[in-house]
Amino acid sequence: IERRNHILEKLQKEKRVVVSELSRTYQVSEETIRRDLEKLENDGLVIKSYGGAVLNEHSIFDLPFNIRKNQMVVEKQRMADLIADLVRDGEALMLDASSTAVYVARRLKSKKKLTVITNSVEIIVELFDVPEWNVISTGGVSRERSFALVGPNTNRMISSYHVDKAIISCKAANMATGMMDSDEQDACSKRLMLGAAKERILVADNSKFDKMAFAKVADWTELTKVVTDREPSREWLREFERLRIECVYPGKEDGKSK
């Protein structure tokens, strides 16, 4: 599994891998590498090609969490800083199981007496060393690839609370369709989090805009804020202004959409 994750990381950077090179790198037979690539192809993550493989850019499946967590790190840290300015001591929050939310949770550790409800195993572990916080797990069925808790029990737990802020991410942000994710169960959990909050915040880096994904999370009218890592296009800013969604990004002076 670790070798396959390393292969996926290499594909993220280089877009293509060669069987013979991987065999030398990991000191295993070419047949072993071919089996690795076959497993990744069956998972919908790569497309095998002559002598190697390429990343499946159109896959409806997410990459494993440990790989996503190490992507767009600077952008995630930048957005987490912006979120920290929006959260006040003593508030109750919901955080989804996205890799972006882990950076948010880490950045919020300087806050006092927060209540955090999450379906992220990674965030629960991350917050073990903050004893004065009230950290609540949603429970549910654990998923190895996403470190998420999902399912009917998760959804019932989310629906039983009302919080100050829900902070979620998504795989794709499409102007016509709304926020989208790669998995229907994850999309359902995020949708319920938005419904349980007074302030509903999407945190999405620039790579998510103008994309499509498998499952719809919610319409734009469900949001009160969008936090991103750089100024969106004029078209997006006009749309946020039309919908009265506050857009927050680095270097912005007035805290309101242009």
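View 1. R106 counts as partly exposed, at 35% relative accessibility (buried is under 20% relative accessible area, exposed over 50% and partly exposed in between, with a 1.4 Å probe and protein chains only). E126 counts as buried, at 16%. The two form a salt bridge whose closest N and O atoms are 3.3 Å apart (a salt bridge is a side-chain nitrogen of Lys or Arg within 4 Å of a carboxyl oxygen of Asp or Glu). Because E126 lies in helix α7 and R106 in helix α6 (residues 99-107), the pair ties together parts that are 20 residues apart in sequence. Helices (H or I, at least four residues) and strands (E, at least two) are DSSP runs, numbered from the N terminus. The model is predicted: local features need pLDDT of at least 70, side-chain atom pairs count only at pLDDT 80 or more, and totals for chains, interfaces and linings use all residues. Residues are numbered from 1 along each chain as its sequence is written, and side-chain values use heavy atoms, with hydrogens and water left out.

View 2. In helix α3 (residues 30-42), R34 and E30 are four residues apart, about one turn of the helix. Their closest N and O atoms are 3.2 Å apart in a salt bridge. R34 is partly exposed at 36% relative accessibility, and E30 is partly exposed at 33%. In helix α10 (residues 234-242), R242 and E239 are three residues apart, which separates them by about one helical turn. Their side chains meet in a salt bridge at 2.8 Å, N to O. R242 is exposed, with a relative accessible area of 58%, whereas E239 is buried, at 14%.

**View 3. A network of salt bridges.** R88, E91, K165, E199, K225 and E246 are linked in a network of salt bridges. The search of the whole structure finds 20 salt bridges.

View 4. In helix α8 (residues 152-159), the buried residues are T154, N155 and I158. They fall within an arc of 95 degrees seen down the axis, so they line one face of the helix (the arc is that of the directions from the helix axis to the C-beta atoms). Exposed P152 and R156 are on the face turned away from the buried side. The cover over the buried residues includes β4 (92-95), β7 (141-143), β8 (148-150) and α9.

**View 5. Helix α9, its span and its buried side.** The 12 residues of α9 (residues 184-195) should span 16 Å at 1.5 Å a residue, and the end C-alpha atoms are 17 Å apart, which agrees (the expected span is 1.5 Å times one less than the number of residues). Buried in α9 are D186, A187, S189, K190, M193 and L194. They cover an arc of only 160 degrees around the axis, which puts them on the same side of α9. E184 and G195 are exposed on the other side.

**View 6. The surroundings of V17.** V17 belongs to strand β1 (residues 16-18) and is buried, with a relative accessible area of 1%. Leaving aside neighbours within four places in sequence, V17 is in contact with I7, K10, L11, L22, L37, G51, G52 and A53 (contact means heavy atoms within 4.5 Å). V17 and A53 are 36 residues apart along the chain, and their C-alpha atoms are separated by 5.5 Å.
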